[in-house]
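Subject: Handing over a structure

Hello,

I am passing a structure on to you, together with some notes on what turned up in it. Please keep it open beside this message while you read.

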Amino acid sequence: MDITNSAAAQAAAPLTLALVVASDREGRFAPVIADWFRTRVAERADFTLTVLDLAETRLPTSLSYDPDPAVRAELARITPVLEAADAFVVLTPEYNHSFPASLKNLIDRHYTEWRAKPVGFVSYGGISGGIRAVEQLRQVYAEMHAVTVRDGVVLPNAHGQFDEEGRFKDPTGPENGAKLMLDQLAWWGRALKEAKSARPYAA
């Protein structure tokens, strides 16, 4: 086997990026933002996108080491999506200065799936744009041995930034933020993937 060609092929292959849509609230605005973000990723050749929408999951908040068959079946659907991802983007609102319980539930049910992978954030909310939720998530993901990237997309008063057709009235700032974040995710995703292929991560 030609190791050089194999390494070059691995470096050229797109990374698997998982978009976690955290809101499961009735009447949520998240799908509008998620649709916009999909278009940003679709323009790039360095990622393939998978989406995990927590409004479409059925995971109870009570944790158990011996979950019932329904929970096991749901985890059998969800966990492989996280395991296969090389990088993550978490799309989260801010609820009461924090992030949704649905997201904490997902994080707490997994561990190795997050480990030594980069995480970026798209946040939205009122005047803060969800930044307080993101700052708390950085601490949570550090405990998961994940690497959070510096730049992201912050959308204060998000409803007012979109027109009736779900398009940004002024896309300049969000598009620049998305590009910076995706560039950083690509760098970290590639670097960490190559490092883990050379030696196991020391957790």
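The notes below begin with how to read the values and then go through the aromatic pairs, one arginine and a pair of helices.

This is a predicted model, in which local features need pLDDT of at least 70 and side-chain atom pairs count only at pLDDT 80 or more, while totals for chains, interfaces and linings use all residues. Residues are numbered from 1 along each chain as its sequence is written, and side-chain values use heavy atoms, with hydrogens and water left out.

A search of the whole structure finds 8 aromatic pairs, where rings of Phe, Tyr and Trp (its six-membered ring) pair if their centres lie within 6.5 Å, and planes under 30 degrees apart count as stacked, over 60 as edge-to-face and the rest as tilted. One of them joins W36 and F168, whose ring centres are 5.1 Å apart with planes at 80°, so this pair is edge-to-face. W36 lies in helix α2 and F168 in the loop between β6 (153–156) and α6 (172–198), so the pair ties together parts that are 132 residues apart in sequence; helices (H or I, at least four residues) and strands (E, at least two) are DSSP runs, numbered from the N terminus. Both W36 and F168 are buried, a term that stands for under 20% relative accessible area, with exposed meaning over 50% and partly exposed in between (1.4 Å probe, protein chains only). F121 and Y141 form a tilted aromatic pair, 6.2 Å centre to centre with 55° between the planes, and this pair links F121 in strand β4 (residues 118–125) to Y141 in helix α5 (residues 131–143), 20 residues apart. F121 is buried at 3% relative accessibility, and Y141 is buried at 0%.

Helix α2 (residues 30–42) also holds R40, which is buried with a relative accessible area of 17%. Leaving aside residues up to four places away in sequence, R40 touches E175, A178 and L182, contact meaning heavy atoms within 4.5 Å.

Helix α4 (residues 101–108) and α5 pack at an angle of about 10°, with their axes 11 Å apart, where axes are lines fitted to C-alpha atoms, for helices over the stretch in contact, and angles run from 0 to 180 degrees between N-to-C directions. That makes α4 roughly parallel to α5, since angles under 35 degrees count as roughly parallel, over 145 as roughly antiparallel, 65 to 115 as roughly perpendicular and the rest as oblique. L103, K104 and I107 in α4 meet L137, V140 and Y141 in α5.

Best wishes
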